[in-house]
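Here is a friendly note to read with the model open beside you. Take the points one at a time and find each residue as you go.

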Amino acid sequence: MANESILQINHLKKTFGKHEVLKDINLQINDGQVTTIIGTSGSGKSTLLRCLNLLEEASGGQIMYKRKNILEDGFDRVQYRAKVGMVFQQFNLFNNLNVLENCTVAQTTVLKRDPAEAERIALDQLKRVDMGPYVKAKPAQLSGGQKQRVAIARTLAMSPEVVLFDEPTSALDPEMVDGILEIMNNLAHTGLTMVLVTHEMGFAKDVSDQVVFMDKGILAERGTSEEIFNHPKNERTKEFLQHYLKRI
């Protein structure tokens, strides 16, 4: 159901030493919706995403996935990560594996899929991102944009319920960006639950169901795309958007 919560973040905190990076974050992410997190560098956006993927250990609070707290002892983190995939800004491909192997290894090891089935699914997803002709290539032979396409295909091959995108275009040359945004735009219309951290404000405005503005570790404002981009209430949100949009 589209308005059912799939991830519920309650009073989430994260500290590095004495530095509090996330301060009492409360956020609901609904099934089938696109949530975009915007804000200045250092506001805690990527740390929040990394906590959702358990790459960072939260210092307090809850992250509820289908009403189960993923931070509790005994929670199956491996299976959770298979369902909540992540696309990184630096691609994180295995350099010793070719494109096809990059997209099958987690399917066979984590999901225990039959190798032939894993290969079929991987090929489908690679075709979807226009990387079908490159299945035998190693990452070193690919451009940044091509690597990111493979990284997206690899994540989708796991049949995730949620995909987290951590600034997926920030490491790309400008001419590569539009192709990745187009793929993400297409995904957004398939009913996939997506959580994006991005500086691509035009894209965020077009594709988001929910927009969250973070500032100095707090969730300063949230609303629909229309509310945040056209009628922001928080002064910091207004200042931030004025750098990106000529008209608020």
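1. Start with Asp124, which is partly exposed, with a relative accessible area of 40%. Please keep in mind that this is a predicted model. Asp124 forms a salt bridge with Arg120, and the closest N and O atoms of the pair are 3.9 Å apart. Arg120 is partly exposed too, at a relative accessible area of 46%. Both residues sit in helix H4, and because they are four residues apart there, about one helical turn separates them.

2. That pair belongs to a wider topic. How many salt bridges does the structure hold? There are nine salt bridges. The general idea is that side chains of opposite charge can pair when their charged atoms come close. For a linked set, look at Asp215, Arg236 and Glu239, which are joined in a network of salt bridges.

3. Now try a pair that reaches across the sequence. Lys66 forms a salt bridge with Glu161, and the closest N and O atoms are 2.8 Å apart. Lys66 lies in the loop between E4 and E5, while Glu161 lies in the loop between H5 and E7, so this pair ties together parts that are 95 residues apart in sequence. Glu161 counts as partly exposed, at 23% relative accessibility. Lys66 is partly exposed as well, with a relative accessible area of 44%. Check the backbone of Lys66 while you are there: its phi is near 50 degrees, a positive value in a residue other than glycine.

4. Arg67 also makes a salt bridge, with Glu4 as its partner, and the closest N and O atoms are 3.7 Å apart. Arg67 lies in the loop between E4 and E5 and Glu4 in the segment before strand E1 (5–16), so the pair ties together parts that are 63 residues apart in sequence. Arg67 is exposed, with a relative accessible area of 68%, whereas Glu4 is partly exposed at 34%.

5. Asp130 lies in the loop between helix H4 (115–128) and H5, and at 56% relative accessibility it counts as exposed.

6. Is Glu167 buried or exposed? Glu167 is buried, yet it has no salt bridge. The nearest side chain of opposite charge is Lys45, 4.3 Å away, and a salt bridge needs the nitrogen and oxygen within 4 Å. Glu167 lies in the loop between strand E7 (162–166) and helix H6 (174–188). Leaving aside neighbours within four places in sequence, its contacts include Lys45, Ser46 and His199.

7. Lys45 comes up again in the second largest pocket. Among the 15 lining residues, Ser41, Gly42, Ser43, Gly44 and Lys45 lie nearest its centre. Strand E2 (19–30) and helix H1 (45–52) each give two or more residues to this lining, and E2 gives the most, with four. About 180 Å³ of space lies in this pocket. Its lining divides into one nonpolar, nine polar and five charged residues.

8. Finish with the largest pocket, which has a volume of about 520 Å³. Which residues lie nearest its centre? They are Arg81, Met86, Phe88, Ala106 and Arg154, out of 19 lining residues. The elements that give two or more residues are helix H2 (77–83), strand E6 (84–87), helix H3 (99–109) and helix H5 (144–156). This lining divides into 12 nonpolar, five polar and two charged residues.

Methods
Residues are numbered from 1 along each chain as its sequence is written. This is a predicted model: local features need pLDDT of at least 70, side-chain atom pairs count only at pLDDT 80 or more; totals for chains, interfaces and linings use all residues. Side-chain values use heavy atoms; hydrogens and water are left out. On a 1 Å grid over the protein atoms alone, a cavity is a set of points where a 1.4 Å probe fits but cannot get out, and a pocket is an open set with protein on both sides within 12 Å along at least five of seven lines; lining residues have an atom within 4 Å of a point. Grid points are joined across faces, edges and corners, and a volume is the space filled by probe spheres set on the points. Ala, Val, Leu, Ile, Met, Phe, Trp, Tyr, Cys and Pro count as nonpolar, Asp, Glu, Lys and Arg as charged, and the others, Gly among them, as polar. Buried means under 20% relative accessible area, exposed over 50%, partly exposed in between (1.4 Å probe, protein chains only). Lys and Arg count as positive and Asp and Glu as negative; His and the chain ends are not counted. Contact means heavy atoms within 4.5 Å.
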